[in-house]
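Biologist: I am new to this structure. Please show me how to read its features, one at a time.

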There are 4 protein chains.
Amino acid sequence: VRLDDHGSQRSGLDPTTYAFTHRVRVRFAETDAMGIVHHANYLLYLEEARVEYLRSIGRPYTEMRSDGTDHAVLECFVQYRAPLHFDDQVDIHLRLAGTTRATFQIDYLVTVDGSPRATASTAHGAINAKGRPVRLPTWLVELAQAG
Amino acid sequence: VRLDDHGSQRSGLDPTTYAFTHRVRVRFAETDAMGIVHHANYLLYLEEARVEYLRSIGRPYTEMRSDGTDHAVLECFVQYRAPLHFDDQVDIHLRLAGTTRATFQIDYLVTVDGSPRATASTAHGAINAKGRPVRLPTWLVELAQAG
Amino acid sequence: VRLDDHGSQRSGLDPTTYAFTHRVRVRFAETDAMGIVHHANYLLYLEEARVEYLRSIGRPYTEMRSDGTDHAVLECFVQYRAPLHFDDQVDIHLRLAGTTRATFQIDYLVTVDGSPRATASTAHGAINAKGRPVRLPTWLVELAQAG
Amino acid sequence: VRLDDHGSQRSGLDPTTYAFTHRVRVRFAETDAMGIVHHANYLLYLEEARVEYLRSIGRPYTEMRSDGTDHAVLECFVQYRAPLHFDDQVDIHLRLAGTTRATFQIDYLVTVDGSPRATASTAHGAINAKGRPVRLPTWLVELAQAG
């Protein structure tokens, strides 16, 4: 698996091109001594948005996990464009960006008041309880094709 | 279980009264927008010190876990005395402070260059893979009595 | 400053005795290899609830910070009663539990579906931009007396 | 700034091609309910290794910060190849991979017992206390040319 070489351009800056939006509010604990959100914490926002996206399409991640399937993170890419601050209301826009037999990619745009703060992409593989790759479920492949 | 009501006094300020010391260096990610280490991250230092203490007495936590026993955290108390900053070399002094049939307490002193920054206590219970309380191993009870 | 010696009993199990409730949903990143929320992360929930409480009473923490006042955490105590799991909807109940000239205490009850998962208390001091203690604002003292 | 399109290949799997190695031990708190290190926490290891690298070449990050310069993270890319577990001793190999007038890139290889677990790249910009981009110091440009 390899994130698309032009991933960051494909994660464009137009929120209307994303399928789903989830809002988080920045915790004080997520800031660092530069007074802004630490770069690692963006990945927590992306993950929370993925979980809410799956819930919104009727495929809650908890059900997948109790069925023995996990979504391992294979790759991540984040481009930080402008800082986030404590108490900001942050919108995570996302869309399913493509699949292979065993992997899928999600693209993200992070905004505050409509202004871009970051773009990102993550690649995931479906794995079973032993950590072995398994085929993506049909609904996920079809969803990517429809999107 | 209940941490001793005078726990913070028992976690005295004299490093020589503690059985074990472990040093950590503050990560930038552990600071917050006040420019100091976020209070929740002290618990990570205490945990890392517990793990190193168990290793130092020949009872590595990974072995306990592969034998099906975990040490659930039942209570924690931290008194923050002076801030920690990025890149500080922090000494975590600890001692086993008491046991019951199923629980044990650890007291901590946190210093930088010998100067106290925090005192703390944690209470733990031995649990099996299903999360049920189990008896403490004999060596742990004996260690507490010896200490 | 010293948390009340019977703090954990005062943080009772009846949600109706708390002034404010804030709901968070457990992130996957907040779990650990025991399959439950790591004990340090409860402090993040308490902090988020404090911030929302201050907003709800018209005293947003961001305003205090831009006025040069911070609320340093002086002490924390948490009693873990039952684990939290990924995707749980967690209610953080809190109340202002007392003040001195420069410090205040908050008590918490953490529940899921009304069932208690943890009780906690935190003690805070008002500090200025140089980290020096300052008097609590009048409104905070009056609020504690009224509560 | 844009991470090199073939960054993940340039972050090759041969540890001897990296300039510096820093070892960390996985904390229990860094694992998640899959029983492995959560993907966001790799960024903390990379950051800790960068800080130790700067110290090793006589340019401690704390000095830069007290001189009013920070290294903002502009981009990050991580490819996760095999999981990390609690208590693993993890080697972070890194090298300075290139500079522009205001930015530099670092490539990483993450191994356990010599076996690759992840490759990564981060891009950074020098900024002043107001968050404005400033020129890289000469020593950093020369170091990149020498490397």
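Modeller: Y61(B) and F86(D) are both buried. Buried means under 20% relative accessible area, exposed over 50%, and partly exposed in between, with a 1.4 Å probe and protein chains only. This is a predicted model, where local features need pLDDT of at least 70, side-chain atom pairs count only at pLDDT 80 or more, and totals for chains, interfaces and linings use all residues. Residues are numbered from 1 along each chain as its sequence is written, chains are lettered from A and ligands numbered from 1 in the order in which they are written, and side-chain values use heavy atoms, with hydrogens and water left out.

Biologist: How many aromatic pairs are there over all chains?

Modeller: Rings of Phe, Tyr and Trp (its six-membered ring) pair if their centres lie within 6.5 Å; planes under 30 degrees apart are stacked, over 60 edge-to-face, and the rest tilted. The count here is 24 aromatic pairs over all chains. Take Y61(B) and F86(D): their ring centres are 5.9 Å apart and their planes meet at 80°, so this pair is edge-to-face. It runs between chains, from helix α3 (residues 61–66) of chain B to the loop between β2 (70–80) and β3 (89–99) of chain D. Helices (H or I, at least four residues) and strands (E, at least two) are DSSP runs, numbered from the N terminus.

Biologist: What about F20(C) and Y53(C): why is the pair tilted?

Modeller: Their planes are at 55°, with ring centres 5.6 Å apart, so the pair counts as tilted. F20(C) is in strand β1 and Y53(C) in helix α2 of chain C, so the pair ties together parts 33 residues apart in sequence. F20(C) is buried at 16% relative accessibility, and Y53(C) at 9%.

Biologist: How much space lies in the largest cavity?

Modeller: On a 1 Å grid over the protein atoms alone, a cavity is a set of points where a 1.4 Å probe fits but cannot get out; lining residues have an atom within 4 Å of a point. Grid points are joined across faces, edges and corners, and the volume is the space filled by probe spheres set on them. The largest cavity holds about 590 Å³. Its lining has 29 residues, and N41(A) and L44(A) are among the closest to its centre.

How values were computed. 1 Å grid on protein atoms, 1.4 Å probe; cavity = no way out; pocket = protein on both sides within 12 Å on 5 of 7 lines; lining within 4 Å.
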